[in-house]
Amino acid sequence: MDQPGSFKMAGDRLVFFLAAGKQQLIGLENLNLERIQRILTDNTDPLEWLVTGTVAEFRGTNYLFVRRATFKNRGTAAVPRPTATPP
């Protein structure tokens, strides 16, 4: 299920802030998170996202493995899915 929210840098990590409430999830580094970071670097406007991922807890801290992310306010895919390359 897509969760609305926004991403912000906190030190050298991206953090996802859920729109409903004050919960925050530290992004686990993967290709999708790298693409989100590039989009945030290139765009100065605040962006609202719909994010699907897996949440994991370690030592009392919540982490998010992003599987899919789209702009909520634009409805277009922000993080393109990788395409298969021929062998």
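In the hairpin of S1 and S2, 2 residues lie between the strands, and Gly11 takes a positive phi near 70°. The model is predicted: local features need pLDDT of at least 70, side-chain atom pairs count only at pLDDT 80 or more, and totals for chains, interfaces and linings use all residues. Residues are numbered from 1 along each chain as its sequence is written, and side-chain values use heavy atoms, with hydrogens and water left out.

In the hairpin of S2 and S3, 5 residues lie between the strands, and Gly21 takes a positive phi near 105°.

| Strands | Sense | Bridges | Facing residues |
|---|---|---|---|
| S2 and S3 (residues 24-27) | antiparallel | 3 bridges | Val15 and Ile26 |

The chain as a whole has 1 helix and 5 strands, in the sequence order β-β-β-α-β-β. Helices (H or I, at least four residues) and strands (E, at least two) are DSSP runs, numbered from the N terminus.

Of the 87 residues in the chain, 31% are buried, meaning under 20% relative accessible area with a 1.4 Å probe, protein chains only. The accessible surface of the chain is about 6000 Å², and carbon and sulfur atoms account for 53% of that surface; areas come from the Shrake-Rupley method with a 1.4 Å probe. Among contacts (heavy atoms within 4.5 Å) between residues at least 6 apart in sequence, 44% join residues at least 24 apart.

Key
Buried < 20%, exposed > 50% of the residue type's maximum accessible area, 1.4 Å probe, protein only. Pairing = 2+ DSSP bridges.
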